[in-house]
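Visitor: Hi, I'd like to look around inside a protein today. Can you walk me through one?
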Amino acid sequence: IHSHSDFQLLLDGRAMSKVMQGVTTEVVGNCGMSPHPAPERVRRQLAEALGYAGFVEEVWDFETTGEYIARLEGRVSLNVVVLVGHGALRAAAVGFEARKASAEEISEMRRLLGRSLDEGAAGLSAGLIYPPSSYADVRELTALAQVAADRGGLFSCHIRSEGDRLFEALEEMAEVARGSGVFVEVSHLKCSGRRNWGRAGEALEWFEGKVREGLRIGYDAYPYEAGSTHLSAYLPDWVHDAGPEEMIRRLNDPGTRARVIEELKKRRGWEPDDLMLAHLERNRDLMGLRLSEAAKKRGVDPEELLVRLVAEEGGRALVISFSMSQEDVDRIVCGRLGAIGSDGSAISPDGPLGGSPIHPRNYGAFPRVIKRYVKELKLLTIEEAIRKMTSLPASRIGLRDRGVIKAGAKADLVVFDLDELEDRATYSDPHRFPKGIKWVIVNGRAVVVEGEHTGESPGRVLRPRR
């Protein structure tokens, strides 16, 4: 229910890291990061802002959601559900300025979203820590969510804070749900930052209370104590104003750079030891090191290195952030209202990201849930674990004939050996397929047979029934 394979599926439709762990359908366009609708005039800045720059030019020849869907049809090994990213909508209608949208601009975003939903999208997503999506207020989000609600779509959101202001951010989502009637899917729920560890129970009770109140709201989560995001997300908000090019210009100005470094040194809630440098292009010798270790290697303070890397790498610099407690993760994953997502991409060991120390969730999220919570900790039954991966997310999306095994449903099936099932991807060795997944069948055709990919491409773009 939460993935980021938007371009990876165009680059390599085999979707290796997903189908080999038993995924038959994934939802793309999350965190406000869809590459559509995207007029050509904003495409270059959008690519940089969303971390796509440098490896998508060969396949980004589309503007509308309908054109993107057409590119996927007939070339992918799993089914795809497409969300419309608020970041793309705002870039097209407003640009990258840090300001409220006007009534006319909100009307234009509503028009673009409605067209995208009519072309086959299943809902709206937002990423409220990522510019330009982060510049939206509740009024704007509610107005757009109403469009999704009117067409039976959901609203998936990376909330504005997952740390010190977690509950303030959750209340913002409750306000959107009340004002629009949309189903709100809070993306990758977590209690981030050491000062917030131990608050998972409080967060789960918050969700239960809102459901009792009558709101349509839920969440998804992944089974790891580390997340992953763009390194630029750690910069102060004002640095991003006016777009990626202006951000880089600011970071290259000595006076402004000094100001940013000073603000980072004073900021609470993040630790250089907790950030592992993942994907880098110009500083590959630092990949796999913690930011603190890399800073020592370069002979500078961690804050200065962070700024330097963003200036040199732009939005392409990725980090793995060890920001959660495992106990909180366990409680959130097992919560009644929690679906399981990977927050990962469909990657192949021989693909564009095959040499990077990426997050192991790309290869092992779903087997890990069964291994850890069913087999080892016995916190979930096998039936409940599978429900969280299949029928629960399918029902939220509006896929009535997927995620269940019954007469008349589509033949999306996984055969696995419970005794053998094991995730093998680690932070130090992430490009490893799991054990125990024997067969994966998508729309009645075998994509994996006895643990080997067949090369078949039976996947479809799914349009929920409304």
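Visitor: Let's start with the largest cavity: how do the residues of its lining divide into nonpolar, polar and charged?
Guide: They divide into 8 nonpolar, 5 polar and 1 charged. Here Ala, Val, Leu, Ile, Met, Phe, Trp, Tyr, Cys and Pro count as nonpolar, Asp, Glu, Lys and Arg as charged, and the others, Gly among them, as polar. Keep in mind that this is a predicted model, where local features need pLDDT of at least 70 and side-chain atom pairs count only at 80 or more, while totals for chains, interfaces and linings use all residues. Residues are numbered from 1 along each chain as its sequence is written, and side-chain values use heavy atoms, leaving out hydrogens and water.

Visitor: OK, and which residues lie nearest the centre of that cavity?
Guide: Ala49, Pro131, Ser232, His240 and Met247, out of 14 lining residues. A cavity is a set of points on a 1 Å grid over the protein atoms alone where a 1.4 Å probe fits but cannot get out, and lining residues have an atom within 4 Å of a point.

Visitor: Which helices supply at least two residues each?
Guide: α3 (40-49) and α10 (244-252) do. Helices are DSSP runs of H or I with at least four residues, strands are runs of E with at least two, and both are numbered from the N terminus.

Visitor: How much space lies in there?
Guide: About 140 Å³. The volume is the space filled by probe spheres set on the grid points, which are joined across faces, edges and corners.

Visitor: And what about the second largest cavity, how much space is that?
Guide: About 90 Å³. It has 10 lining residues, and Gln8, Ala346, Ile347, Ser348 and Pro352 lie nearest its centre.

Visitor: New topic: how many aromatic pairs are there?
Guide: A search of the whole structure finds 10. Rings of Phe, Tyr and Trp (its six-membered ring) pair if their centres lie within 6.5 Å; planes under 30 degrees apart are stacked, over 60 edge-to-face, and the rest tilted. Trp60 and Phe62 have ring centres 6.3 Å apart and planes at 35°, so that pair is tilted.

Visitor: Are those two buried or exposed?
Guide: Trp60 and Phe62 are both buried, meaning under 20% relative accessible area with a 1.4 Å probe and protein chains only; exposed is over 50%, and partly exposed is in between.

Visitor: Which residues do ring pairs link into a cluster?
Guide: Phe7, Trp60, Phe62 and Tyr68.

Methods. 1 Å grid on protein atoms, 1.4 Å probe; cavity = no way out; pocket = protein on both sides within 12 Å on 5 of 7 lines; lining within 4 Å.
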